[in-house]
Amino acid sequence: MYYRIIAKIGLTISLIVASGAQAAVQVFACEPEWAALAGEIGGDNIVATSATNALQDPHYIQARPSLIARIRKADLLICSGSDLEAGWLPLLLRKGNNPKIQPGKPGYLMASQYVNRLEIPTVLDRAQGDLHAQGNPHIQTDPRNLTIVARVIAQRLQQIDVANAASYQQGLHAFEVKWSKAVAKWQRQAASLRGKKVVLHHKSWVYLNYWLGLVEVATLESKPGVPPSAAHLNELLVQLQATPAALIIRTPYQNARPSDWLSKRTGIPNTALPFTVGGSADANDLYSLFDVTIRILLDKMGPNNE
Amino acid sequence: MKRVHLPFRTLLVLLPVLLVMHTARADENIAVIRAELDALKAQYETRIQGLEQRLNAAEQQLAQKQEQQQERQQDRMPIEPAGADYAPVGNSYAVSGSQYNPAMGIILNGALRAYENDPKEHFIPGFPGGGEAGLADEGLSIGESEFVFTANVDDWFYGRVTAAVEQEDGDFDTSLEEAYLDTLSMPANTTLRFGRFYSSVGYLNDKHSHTWAFADQALPYSAFMGIHYGDDGIQARWLAPTDFYLEVGAEVFRGSNYPAAGDAHNGLGAQSLFVHIGGDVGFSNSWSAGFSWLGADARDRNSGDEDDPLRFDGDSDIYIADFIWKWAPNGNIRDRNLTFQTEYLWRNEHGTYLLPGATASTSANIDSNGWYAQLIYQWKPRWRAGLRIDGLSLDDPGTQFAGTELDSLGDDPLRYALMFDYSHSEFSRIRLQFNRDESGLKSDNQFILQYIMSIGAHGAHQF
């Protein structure tokens with residue numbers, strides 16, 4: 001009788017220990033797109049969560065207790081980098097008591113370090129707004145950047161979880177094949193958008209513009225990080241009445257009022273694009289993120305809309 | 001074929017008939033021509049239509065061909081930006097040789113203060129101030145300017161130095177507020193901190209003045225901790241392997257600053273224990289709570305009147321409960337957010353007091369407590385409003401202290417503060433604060449116009 005119970009307990013303990021040994025790699029992503037991308041490559045071998053959701057401005061996050069608890073157990077940290085998370089990530093790294101994800105370790109991955117960054121300022125002066133010394137950090141709006149980051153993620157996962165290295169290689173290969181087809185498809189669909197003039201709320205879309213050949217003619221923020229002011233919006237109104245643009249674009253977490261105001265007075269349509277996974281109800285993975293983005297852009301300023 | 005000969009007369013007779021007939025024939029011809037023309041017209045129209053259709057078809061084909069060509073070109077468009085490989089793109093680190101310099105931040109903090117009463121006569125009965133407690137100078141003054149340097153020393157240590165320049169009674173005073181190292185690579189979710197630092201007890205204790213939501217410190221911290229307790233020491237923190245946040249820590253300090261004094265026990269004169277927990281409720285709410293103990297050994301601790309102070313030998317035990325609740329729609333603090341923050345502090349001091357002018361010390365066992373609660377609301381980007389109520393209370397210290405600075409004189413110290421601040425960017429803040437201060441014997445109205453500016457390294461978004 002006792003023997004049975006002891007045997008059961010022993011079995012349970014050994015199962016727990018065994019499952020602990022094969023525990024999934026914990027991925028702590030600062031933004032949803034990196035959690036989704038890690039998921040494409042890691043599949044069931046990883047558990048990826050994002051510190052922020054699509055309705056939160058990743059600049060303005062506090063080092064909340066829940067984030068400290070989550071970063072504590074991370075094996076791999078994936079963030080945009082380039083100072084996007086400068087206000088909270090350094091604090092989390094010091095409070096999380098986790099040596100695996102400190103700078104220089106395989107578990108520390110700043111995605112933007114691996115792609116060609118746009119808008120690297122030549123002069124750093126906060127009178128010009130909250131500039132990022134290492135360039136614009138919103139790299140995920142160009143899907144070609146994700147191909148590059150995917151390779152880095154696969155490489156890091158292979159380093160961290162050697163036992164499943166082959167699986168990560170397969171995951172990467174499958175992703176690359178599917179993704180490059182998708183990118184080609186989006187480029188065909190969006191061919192007519194080349195050269196269209198757009199107004200941005202914040203410089204969140206410079207990589208999208210670079211990819212699709214959209215032309216940024218103005219931003220609602222007079223300087224990066226400075227909320228749109230009435231004076232600046234009035235200047236934009238005059239500018240856009242003289243030389244109109246095709247669309248005003250913002251992220252889901254940016255206040256809609258400034259773009260609504262300008263839209264009403266200029267007749268230029270305005271829209272929120274999903275920006276990242278979860279940014280709209282139907283943008284629930286990386287593929288649908290770009291499907292939705294291209295569809296909205298074509299709806300709002302495609303050839304049938306002229 | 002038989003030829004028909006018609007006689008001349010017959011012809012004459014027939015002529016008119018023939019003529020008539022001829023005209024009839026001509027009419028018939030016109031009709032025929034018309035018909036033919038109509039037919040032709042119809043025919044041409046069909047042909048033109050046909051041609052038009054062919055032209056359209058040809059045009060469509062051409063367009064299709066062009067589109068296909070474009071598509072083929074699109075296919076040839078790179079699906080990766082040119083020149084990108086997956087080694088770090090190193091265009092940010094080649095700027096200069098000064099990249100190893102520590103991150104440097106400077107906080108400029110100054111104010112214009114107006115008090116109804118003379119601040120030099122301000123005191124809270126029963127709570128002789130220690131440390132830096134007391135009202136700040138009236139009029140224009142730069143309060144406390146901080147210089148912050150931070151950097152990783154190597155892969156094991158992170159270092160931080162905070163130096164402050166303050167003006168006290170017209171003299172500038174430079175002090176090393178903090179100079180500590182944190183470990184980065186300790187196993188089992190532990191971190192050690194050593195050097196000089198503010199104790200992690202409570203919530204407000206380790207917050208620097210530029211991060212406060214008000215221009216002055218809450219009363220219990222002013223009274224019990226001398227604004228905040230910092231000292232030379234060592235700290236160990238451990239994060240529990242739980243899904244929610246649970247941090248446990250212990251500290252040992254030299255014991256030279258208020259509420260400790262005199263470097264008791266060979267320079268190990270103060271200890272603390274603390275536990276902090278916290279989490280999120282949905283996306284929009286987050287909270288933290290904590291319970292802490294600080295035990296400080298005081299040897300010949302001076303407080304109250306600077307020229308003729310009270311001198312205390314004994315132990316000061318302080319217990320702190322803290323609770324913070326934050327709300328922001330979807331957790332996006334940029335546009336709107338609300339913070340509720342409250343702490344309760346209990347203090348027991350037992351030992352002996354040497355009263356001014358006395359030759360023998362008087363034994364004392366005094367309990368007191370203090371609390372504050374504050375609500376800060378940011379209703380739109382840049383603009384915040386805040387309300388704070390703070391108070392103290394003191395148990396009767398006994399008849400032996402009647403009439404001394406330890407006698408509360410029946411006063412119930414209480415203060416109300418209302419503030420508005422505007423942050424043009426994340427790096428600048430201008431604040432207007434009004435205090436209705438009933439902590440002293442005489443009620444006071446206080447106005448403070450304050451600026452806090454940060455230059456250099458990006459500040460941390462603390463919870």
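Start with chain A coloured by domain: the C-alpha centres of domain 1 and domain 2 of chain A lie 25 Å apart. Select 24–185 for domain 1 and 190–305 for domain 2; these bounds come from an automatic or database domain assignment. The model is predicted, so local features need pLDDT of at least 70 and side-chain atom pairs count only at pLDDT 80 or more, while totals for chains, interfaces and linings use all residues. Residues are numbered from 1 along each chain as its sequence is written, and chains are lettered from A and ligands numbered from 1 in the order in which they are written.

The contact takes 28 residues from domain 1 of chain A and 24 residues from domain 2 of chain A, where two residues are in contact if their C-beta atoms, placed from the backbone, lie within 7 Å. On the domain 1 side, helix H2 (32–42) and H5 of chain A each supply at least two residues; helices (H or I, at least four residues) are DSSP runs, numbered from the N terminus. H2(A) gives the most to that side, with five residues. The residues of the domain 1 side divide into 11 nonpolar, nine polar and eight charged. Here Ala, Val, Leu, Ile, Met, Phe, Trp, Tyr, Cys and Pro count as nonpolar, Asp, Glu, Lys and Arg as charged, and the others, Gly among them, as polar.

Now show H2(A) and H5(A) together. They pack at an angle of about 60°, with their axes 10 Å apart; axes are lines fitted to C-alpha atoms, for helices over the stretch in contact, and angles run from 0 to 180 degrees between N-to-C directions. That angle makes H2(A) oblique to H5(A), as angles under 35 degrees count as roughly parallel, over 145 as roughly antiparallel, 65 to 115 as roughly perpendicular and the rest as oblique. From H2(A), select Leu37(A), Ala38(A), Ile41(A) and Gly42(A); their partners on H5(A) include Leu146(A), Val149(A) and Ile153(A). The contact residues of this pair divide into nine nonpolar, one polar and no charged.

Move to helix H8 (residues 230–242) and helix H9 (residues 257–266) of chain A, which pack at about 35° with axes 10 Å apart. Among the contact residues are Leu233(A) and Leu236(A) of H8(A), and Trp261(A) and Arg265(A) of H9(A). This contact has seven nonpolar residues, two polar and one charged.

Finally, display chain B. 52 residues of chain A are in contact with 52 residues of chain B. Helices H3 (65–72), H4 (89–95), H5 (143–160) and H6 (165–189) of chain A each supply at least two residues of the chain A side.
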